[in-house]
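Here is a short briefing on one protein model. Look at the sequence and the 3D view first, then read the points below.

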Amino acid sequence: MRPVVLCFSGLDPSGGAGLQADIEAIGASGAHAAIACTALTIQSSQQVFGFESCPADLLQRQAKAVIDDLPIRAIKSGMLGTTDNIAMLARLFTDKMIPQDIPFVLDPVLVANSGGSLGDEATLVDAFITLLPFATLITPNTYELRALSGLKDLHGAAIGLCGAGVNAVLVKTSHDYSSGDINQYLYVKGEMVHQSVLPRLPGEFHGSGCSLASYIAGRLAQGDDLIAAIKAADQWMIKILAAADQPHPSDPSSQLIPNRFL
C-alpha cells in the first residue's frame with residue numbers, strides 16, 4: 001500500500017486544522033494518513049473555545065494498533081495537549097515501538113492560529129524539550145520557536161535548538177509581518193542548508209502550519225530528503241492558500257480555510 005504517516009493530532013470540528021488537515025495534506029502528498037487522536041477541541045474556523053485531551057494510555061493504544069497493523073514510514077505530531085501525551089510519544093521512541101530510522105516531523109503546537117490556548121505554555125515547552133531530539137524536523141512558527149529556544153533572534157534560536165540536540169529546524173516567517181514575502185530557512189545540525197522566499201498571500205489562514213508539516217511528512221515517507229520534501233510542500237502550499245475558502249466573506253479579517261483538494 002501507499003507509505004503510511006502516523007499522525008498524533010487533535011480534532012478540529014471546523015475541518016480547517018488538526019487531524020482533518022493532516023489527512024488531506026498527507027493524501028495530497030501521495031501517502032496514507034493514520035491518526036492517533038490526541039484531543040477533542042471545541043473550535044470554529046475563527047476561535048478556540050476549549051478542548052479535552054485524550055488520556056496518554058488511550059493515545060498509546062491508538063498508536064500501537066496502527067503500528068502493529070500498517071507499514072509506518074513517517075510520524076507527524078501536531079497538538080499533543082498535555083505533558084503526559086508528550087512523554088508518551090517520547091517513550092514510543094525510547095522503547096523502540098517506533099524505529100529510530102523513521103522520519104518524525106514535529107509541529108510543536110502551543111497556540112492555535114486564532115490565538116486560542118491549547119495547554120499551559122510553560123509546562124508544554126518543558127515537555128517538548130525532551131521530545132525534540134527524536135525529531136527529524138521541527139516546524140515551529142516564530143512564536144513557538146522563540147518559546148522553545150528562549151531566544152528572540154530566529155536564526156540564533158534555530159542554531160541554539162540544533163545545539164541542544166535538534167536535528168533540523170524549519171524557520172518560517174509567516175507570522176513576521178515586517179517583511180513583504182515569507183522567508184523560510186532550513187537549519188540542519190546548526191547549518192543553514194536551504195532558503196526559500198514565498199509570496200505572502202492576503203489573509204490569515206486556519207490550518208496552514210498543520211498542512212505544511214503533514215505534507216512534508218508525506219513526502220519523507222516516500223523517500224524524499226528534507227530539502228526535496230520542503231520544496232514540494234512549498235509549491236503545494238502556494239496553490240492551496242491561493243484557492244482557500246472564505247467562511248465569512250463579509251469580514252475580510254476572518255481566517256480562510258486552505259483548499260487542500262487541488
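K189 is exposed, with a relative accessible area of 63%. This residue is found in the loop between β8 (182-188) and β9 (191-198). Keep in mind that the model is predicted.

**Two lysines with positive phi**
- Most residues other than glycine have a negative phi.
- K96 is not a glycine either, yet its phi is positive, at about 65°.
- K96 has its place in the loop between α3 and β5 (104-106).
- Is K96 buried or exposed? K96 is exposed, because its relative accessible area is 63% and exposed means over 50%.

**The largest nonpolar core**
- How many residues does the largest nonpolar core have? This core has 44 residues.
- L6, F8, L89, F128, L131 and V169 have the most contacts inside the core.
- Which helix gives the most to this core? Helix α3 (residues 83-94) does, with six residues.

**A second core**
- A separate core of 30 residues is also present.
- Among its members are V5, A25, L170 and I230.

**A closer look at V169**
- V169 is one of the residues with the most contacts inside the largest core.
- Leave aside its neighbours within four places in sequence, and V169 is in contact with residues including L137, I138, P140 and L145.
- A158, L161 and C162 are also among its contacts.

How values were computed: Residues numbered from 1 in each chain as written. Predicted model: local features only at pLDDT ≥ 70, side-chain atom pairs only at ≥ 80, totals over all residues. Heavy atoms only, no water. Core = buried A, V, L, I, M, F, W, Y, C linked by side-chain atoms within 4.5 Å. Buried < 20%, exposed > 50% of the residue type's maximum accessible area, 1.4 Å probe, protein only. Helix = DSSP H or I, 4+ residues; strand = E, 2+ residues; numbered from the N terminus. Contact = heavy atoms within 4.5 Å.
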